[in-house]
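Subject: Structure for your review

Dear colleague,

Please find below the structure that I am handing over to you.

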Amino acid sequence: MAPRNPNGASTIYLGADGSWHGRVTLGFKDDGSSDRRHVRGRSKASVVAKVKDLERLREKGTLARAGQRWTVASWLDHWLNAVARPSLRLSSFNAYRIAVTKHLVPGIGKHRLDRLQVEHLERLYRSMIDGGAAAGTAHQVHRTIRTALGDAVRRGHVHRNVAALARPPRVRPEPVVPFSMDEVRAILGAAHDEPNGARWAVALALGLRQGEVLGLRWEDVDLARGSLHVRSSRLRPSYEHGCSSPCGKFAGWCPERRQVTPDRGDTKSDAGHRIVGLPRELVQLLDAHRVQQLADREHARQLWGDEGWVFASAVGAAINPNTDYHRWKALLRKAGVRDARLHDARHTAATVLLVLSVPERAVMGIMGWSSTSMAARYQHVTDQIRGAVADQVGAAIWGGVSRRSDAN
């Protein structure tokens with residue numbers, strides 16, 4: 001009689017069905033029972049090879065766990081709502097959610113998670129670009145699936161993160177194009193008699209992000225000490241239908257819509273929580289703005305929503321970021337300056353600080369940067385401006401064409 005295999009050893013045998021079978025013990029399932037996998041084949045050699053493959057993966061610790069056979073769609077749904085959501089800021093979660101629901105699930109959701117290949121992802125990125133998506137959008141999709149698969153690897157559902165091997169589209173950083181001082185003066189001049197005109201002075205002088213400016217409350221501003229405390233950020237509102245019968249419109253246009261997101265959330269990063277000093281001129285602008293807001297409040301009477309926003313609507317409500325964006329574009333046209341992104345106001349403030357040789361750490365604190373690499377993006381701009389100043393000084397002292405121009 002052949003000796004009995006020890007507990008846990010692999011077995012290979014010829015079954016009554018005429019096929020060869022193999023069983024390999026790989027560990028334990030979630031309920032504590034033995035995880036013993038079964039393979040079969042027409043020949044003993046094929047089953048021996050399959051058993052050895054399983055044993056090799058077991059020794060490396062790279063074998064997917066037993067249990068639910070996840071598809072990409074089912075794993076992303078679980079990961080998004082059970083893993084990512086509790087630990088993410090709302091803005092980050094929404095970015096992941098859009099990548100999952102709009103691109104990943106429609107594009108690769110039917111694949112089994114453990115059979116997803118690098119090429120599947122790269123073809124998805126290519127199809128997105130060919131369909132008109134920006135490289136930055138495809139890159140966000142790549143970051144999302146890479147993070148989701150990283151959690152799947154750590155939990156043993158797959159043995160490798162194929163997204164870490166995929167090549168996402170190259171994203172070229174948008175150029176830093178600050179406003180000139182003449183343009184800044186023209187914008188502030190045009191904003192002087194506009195509602196919430198001081199809002200643009202805060203952006204151009206302090207470099208606050210759009211959400212940070214719109215999320216300010218008067219309790220965050222100390223005009224006596226000349227400081228401003230960035231504590232949170234205005235969130236883009238999301239809505240759901242409130243109509244009893246389908247209105248046939250998008251949720252945001254539903255007559256009975258309900259806002260499902262809070263007005264304020266966390267700043268972009270921990271470095272975004274900061275106290276910023278206010279120039280004397282900006283203190284004066286904010287003080288005048290507060291006086292005007294009190295007059296608006298008196299005029300609105302019972303319609304005024306007493307929510308404490310520094311920059312509010314005509315009835316005291318939070319300003320929608322989309323409304324703010326369109327007001328910025330209208331302001332540029334009124335000022336007669338070039339069209340530009342709202343974020344270029346932030347670039348302008350950062351450039352001024354660097355040109356003035358404010359220490360990099362101090363600039364990071366004012367701008368709310370979490371990495372010194374951000375300052376490097378401005379290097380070519382600040383060098384160019386410093387060079388132009390040096391040329392002007394040289395021309396003023398020595399006359400004629402400056403030495404820098406001669407060298408070129």
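This is a predicted model: local features need pLDDT of at least 70, side-chain atom pairs count only at pLDDT 80 or more; totals for chains, interfaces and linings use all residues.

The chain has 408 residues, of which 38% count as buried. Its secondary structure consists of 15 helices and 10 strands. Among contacts with a separation of 6 or more, 59% are made by residues 24 or more positions apart.

Helix α9 covers residues 280–300, a run of 21 residues. From first C-alpha to last it reaches 30 Å, close to the 30 Å expected at 1.5 Å a residue. After the helix comes R301, which has a positive phi, near 55 degrees.

Which residues of α9 are buried? They are L282, V283, L286, H289, Q293 and A300. Viewed down the axis of α9, these buried residues lie within an arc of 120 degrees, and they therefore line one face of the helix. In general, an α-helix has 3.6 residues a turn, so residues three or four places apart point the same way. The cover over the buried residues of α9 includes α7 (198–206) and β4 (221–222).

On the face of α9 turned away from the buried side are the exposed residues R280, E281, Q284, V291, L294, E298 and H299.

Yours sincerely

How values were computed
Residues are numbered from 1 along each chain as its sequence is written. Side-chain values use heavy atoms; hydrogens and water are left out. Helices (H or I, at least four residues) and strands (E, at least two) are DSSP runs, numbered from the N terminus. The expected span of a helix is 1.5 Å times one less than its number of residues. Buried means under 20% relative accessible area, exposed over 50%, partly exposed in between (1.4 Å probe, protein chains only). The arc is that of the directions from the helix axis to the C-beta atoms. Contact means heavy atoms within 4.5 Å.
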